Amino acid sequence: MDKKLLVFDFDGTIADTLSVALLIANEIGQKLEWPTVDKEQFIQLKQKTIPEILKIANLNVSQLPGVLRKARRGFKQHLPDVKPIKGMPEVIVELKERGYQMGI
């Protein structure tokens with residue numbers, strides 16, 4: 001039996017979430033009195049470990065769940081602003097027509 005199953009990562013593979021994630025990070029940062037970050041700084045932060053980010057943001061581990069809740073709420077609010085990666089809708093349709101099952 002030949003099963004055709006593909007699993008995709010959503011962020012950066014199916015959807016371009018970078019601009020929305022940057023917007024949310026700066027919205028949360030403004031409330032927490034963090035400096036505004038630009039796209040390049042945000043990309044650099046994404047490469048850091050959680051302990052490194054906590055140190056940079058001057059947060060302790062107990063504050064992390066609250067910040068993550070705010071980020072999830074912000075993402076839900078801005079979900080209509082997330083655009084697909086160019087060409088991905090067509091790729092997904094083609095793969096479905098070829099009999100692949102897909103997940104995210």
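In what order do the elements of the chain run from the N terminus on? I read them off as β-β-α-α-α-α-β-α-β, and I noted five helices and four strands in the chain, taking helices (H or I, at least four residues) and strands (E, at least two) as DSSP runs numbered from the N terminus.

I kept in mind that this is a predicted model, in which local features need pLDDT of at least 70, side-chain atom pairs count only at pLDDT 80 or more, and totals for chains, interfaces and linings use all residues. Residues are numbered from 1 along each chain as its sequence is written, and side-chain values use heavy atoms, with hydrogens and water left out.

Next I looked up helix 1 (residues 18–31) and helix 2 (residues 39–46), whose axes come within 10 Å and cross at roughly 90°; the axes are lines fitted to C-alpha atoms over the stretch in contact, with angles from 0 to 180 degrees between N-to-C directions. Which residues meet there? I found Leu 18, Ala 21, Leu 22 and Ala 25 of helix 1 against Lys 39, Phe 42 and Ile 43 of helix 2, where contact means heavy atoms within 4.5 Å. The residues of this contact divide into six nonpolar, no polar and one charged, with Ala, Val, Leu, Ile, Met, Phe, Trp, Tyr, Cys and Pro counted as nonpolar, Asp, Glu, Lys and Arg as charged, and the others, Gly among them, as polar.

Last, I checked the overall extent: the C-alpha atoms of the chain fill a box of roughly 55 × 30 × 25 Å along the principal axes. The chain has a radius of gyration of 17 Å, whereas a compact globule of 104 residues would have one near 13 Å, taken over C-alpha atoms, the globule rule being 2.2 Å times the number of residues to the power 0.38.
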